[in-house]
Amino acid sequence: MTDTLFGRLDLSSLSLWHAIQTPTPSELIAAGAAMAVILGGFGVLALLTWFRLWGPLWRNWLTSVDHKRIGIMYCALALIMLARGVIEGVLMRSQQAFGLHGGFLTPEHFSQLFSTHGTIMIFFVAMPFIAGVINYVMPLQIGARDMAFPVMNQISLGLTATGAALVMISLVLGQFSTGGWANYPPYTGADFQPGPGPDYWIWSIVLAGIGTTLSGINFAVTIYKERAPGMQFLRMPIFCWTVICTSIIMVFALPPLTVAALMLAADRYLDFHFFTNDLGGNMMNYVNLFWLFGHPEVYLLVIPCYGIFSEVIPTFSGKRIYGYMSMVYATMSIAVLSFCVWLHHFFTMGQSANINAAFGIASMAIAVPTGVKTYNWLATLFRGRVRMTVPMIYAIGFFYLFVIGGLTGVMLANPVISYQVHNTLFLVAHFHNVIIPGVLFGLLAGYHFWFPKAFGFRLDERWGRAAACLWIAGFSFTFLPLYWLGLQGMPRRSATFSDPAFQPVMWLALFGAALILAALTCLAVQLWVSIRNRDHLAVPLGDPWNGRALEWSIPSPPPAYNFAVLPQVAARDDFAMAKADGRTFAEPDAYEDIEMPDNTAIGMIVCVCATLMGLALVFWIWWLAVLSFAVMLVALIGRTFRVVTTHVIPAAEIAAAHRAWLARVQAAPAVSRRDETRERNRGRAMLERPTTPEAAE
Amino acid sequence: MAGCLVLAACSQTRDTFLVPGGPIAEAQRAELIQILGWTLIAIVPVFLLVPILLRRYRYGNGSARYTPDWERSPLLETLMWGVPLVIVTILSVQLYRTTHALDPYKPIASGNPPLRVDVVGLDWKFLFIYPDLGIATVNELAFPEETSVALDLTTDTVMQSFLISALAGQIYTMPGMRTRLHILADDPGSFEGENTQFNGDGFADQKFRAIAMAPTDFDAWAARVRSGGQPLTQASYAELAEASSGAEAQRRLGAEGLPEGVVHFSSVEGDLFETILHRYMHGTAVPPSAQPGAVGYDPQTTLGKQTQ
């Protein structure tokens, strides 16, 4: 059946072809999605050509090794994929709202939706968004010029984009796996799903997973080696602590996933029997490996978001973070414990009560440091001066909803309850309840918080508030009802149901999904409105929120070399302390030449070749797989022969830019927090002194 | 009469452990409520404090005290770590106890001798074999009340998870592996059972009825299955194992007249459960055509292979 030239790729692989032959609602929706990908792709290409942006895009972005630009590209990728993930979620909720004895989607289409939705949301929304924020913020916070390995950073982005590209291509060519985001064999083995679906999953996960492992190494080494003078570990902002913990998880948790996926590939391609039914295969080993990755993964996602909240809450409370050491210990405990709990994902696979009890207790133990963190944030509000900005609205939504997620997490950690609600909508409600308020709200708060740093202008506050409130309400209406359905025994991943009592609840959930869609629309409008009003929202002086860490001590957007002179760090919250002591914005004694890495195309070569290789492997086009792999290998080896990989920015140029900025800062009026969201705020914050009750009288 | 009995029972099918039908589900419900209670001790303060703090320390409120450098308090620190630690410790002790007490592998105490049932997960239905009675059913698990029912489970296709929520929690069923579950119903009643682990297109319809009966009714039911059912032979099993809903299997095997999706078997040929359990353990590759649920499964091949 396979062709030497095209492998198993043929006309029937086109989803449009199916829609022409059998135009059912399911096929038409699939074809519509395929058309959206094709037209969207061509639309972008056409616009880039029309506005002659190819050159700038290539020079300034695609070949850039600047951690800030790579961070922004990661976030852009995440936001694009978020749109697809949310639309899929709304489609699933619509199917279930009409799902009493039927619905408009075929069960197969529904199963593809939940598989791509989960895969996309975890691997191509949450992970790139986090990698993007870390990339952007962390080097600035520790006073570094770039990541430790800037070129590897670019390659990591390239590999992540490869995975996302493969998932997008699956809308047009062939079909994605129907095995859920965890893709358990033997259901995803060659005997039960011989088509290209699971192969799409495998290669998008393997390639993106390698990228993430490299990112983890890069983040960790950057923090270990690139801190500015005086930036001791215990002077780092909490966000950087969370980045260390996350990097450790990335380095240790992603390899089991990559290995599990490659073993599954060996089963499917080479007739191995790691996880098959016959010849000694044992699918439980896959489940073990998957969750050895999967449970640390959820902490990989949420820990940096704890870090974001730990930056946002003190800043908008005008206070130091309460309990710095508690925060550090709590974060580290969570990172370590995250590797001790994976078995709770299969309490119901028949292991002994002792094993279940041990892993149940370990899982519950995570509630302790998490609780400590929550109380620390509350204590940070205590005796502060809290401004209700957009990131704070997300933080409040987080406080309320995340503790509910924590409560149901403690329930699920109990094997006795897990026996009942495992694999039901209760579980779905729980993990959405921690991932949306925990991870997504955190990331969106961070997006709003650091956007002015990245682009030099603030995001529109009103649209931001609308988006935040809609996210909170939308989440609540969509997922809280699912707890009830889960307790009633409705399994997850069901396209239909037979109990009429579920229907009103499903309608409520659909209403919530509509609110989430509205929230997403508000985010898009906010971006559009903010870009249009960027002159009014401009904060070039760099400190719009009266920030506390080093990233706020430089212009917005920062120059390529970040700091004109590397900062000397003397304390925790160094910039806030410097502002209080009047040490800021002083002319440095001397400027030095700065050596920065050159742009390179290697990341793009890897991205294009890896995408072609993934596609070739999915469709068994062996010549293309070998060719693209060879090109990638030659390019990577070739790169090592380049001797000169850096260029020097002369001190005079740096001095001129820095002096000009200092002059603007000195000339600008300092703005009180009362005017924080007004046009007056150009990024120079006024110092506001502590008050006592006596002073206030 | 039989139809009436089943219909009457199923009109009030209980499908959640919140309305328990036996001691295990009842204990699970109690556990849920207890966890809720204990955890609320840690959570309610957050719910109350957030609005209070936000109101009192809002930027516009100049009369509230502002201490930007306050960052530690030994007493508060102790409470913050201590309270969750105490709650988790209490919950841990309870977790250890109940996990052992409600271990699904442990028979449930009851006056009557236990009933053994072998469960085979198929795409997309469950086959129940009664080894001591020599009968089998599809999608209908009948058993006497007040009796610990010992289920041995496996699947002849991909992984599944077997749940009768109103009686006890779920347990996975996996090819080539045997898992165990015990259930007990306090009173006669009909309970919904289902597969909760996604296994393909017919997944949403993989539901069955678990019917607890008075002992005499159960004997009558068994006699009816034995007299009214068809024999479960290698051939009819090969047909049954093909990926199809219970309703389709019922049509294919010509068992109309029973509730939807249900088939009765008067006898079981050989030790079917053990055969299924060891199907893949012979050290030779099994082609997809002989693997139920696989793409390309062919009942004829399986039959040919098994009768060799």
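Predicted model: local features only at pLDDT ≥ 70, side-chain atom pairs only at ≥ 80, totals over all residues.
**Entry 1: helix pair in chain A**

I looked up how helix α11 (residues 353-365) of chain A sits against helix α12 (residues 367-381) of chain A. I then listed the residues in contact. From α11(A) they are A:Ser363, A:Met364 and A:Ala365, and from α12(A) they are A:Ala367, A:Val368 and A:Pro369. Sorted by class, this contact of α11(A) with α12(A) has five nonpolar residues, one polar residue and no charged residues.

**Entry 2: salt bridges**

How many salt bridges does the structure hold over all chains? I found 25. I went through some of them individually.

I began with A:Lys579 and A:Asp543, whose closest N and O atoms are 2.7 Å apart in a salt bridge. I placed A:Lys579 in helix α18 (residues 574-581) of chain A, and A:Asp543 in the loop between α17 (502-532) and α18 of chain A, so the pair ties together parts that are 36 residues apart in sequence. Are A:Lys579 and A:Asp543 buried or exposed? Both are buried.

I next took A:Arg583 and A:Asp581, which form a salt bridge at 3.7 Å, N to O. A:Arg583 has a relative accessible area of 41% and is partly exposed. For A:Asp581 the relative accessible area is 53%, and the cut-off for exposed is over 50%, so A:Asp581 is exposed.

I also checked A:Arg682 with A:Glu679, a salt bridge with the closest N and O atoms 3.7 Å apart. A:Arg682 is at 27% relative accessibility and counts as partly exposed. A:Glu679, at 44%, also counts as partly exposed.

**Entry 3: sheet in chain B**

I turned to an open sheet in chain B and noted its strand order. The seven strands run β8-β5-β1-β2-β3-β12-β11, and the pairing is mixed. Which strands are at the edges? They are β8 (179-183) and β11 (230-232) of chain B, each of which pairs on one side only. From one strand to the next the twist averages 30°.

I then looked at individual strand pairs. Strand β1 (residues 115-122) of chain B runs parallel to strand β5 (residues 149-155) of chain B, and seven bridges join them. Within this pair I looked up B:Arg116, and its bridge partner in β5(B) is B:Ala150.

β3(B) and β12(B) are antiparallel and pair over three bridges. I noted B:Thr137, which stands opposite B:His264 in β12(B). β11(B) and β12(B) also pair over three bridges, here in the parallel sense. B:Leu232 stands opposite B:Val268 in β12(B).

**Entry 4: helix across the sheet**

Last, I asked which strands helix α4 (residues 215-228) of chain B lies across. I listed β1, β2 (125-130), β3 (135-138), β11 and β12 (263-268) of chain B. The helix runs at about 90° to β3(B), and angles of 65 to 115 degrees count as roughly perpendicular.

Terms used: Residues numbered from 1 in each chain as written. Chains lettered and ligands numbered in written order. Heavy atoms only, no water. Axes fitted to C-alpha atoms, helices over the stretch in contact; angles between N-to-C directions. Helix = DSSP H or I, 4+ residues; strand = E, 2+ residues; numbered from the N terminus. Contact = heavy atoms within 4.5 Å. Nonpolar A, V, L, I, M, F, W, Y, C, P; charged D, E, K, R; others polar. Salt bridge = Lys/Arg side-chain N within 4 Å of Asp/Glu carboxyl O. Buried < 20%, exposed > 50% of the residue type's maximum accessible area, 1.4 Å probe, protein only. Pairing = 2+ DSSP bridges.
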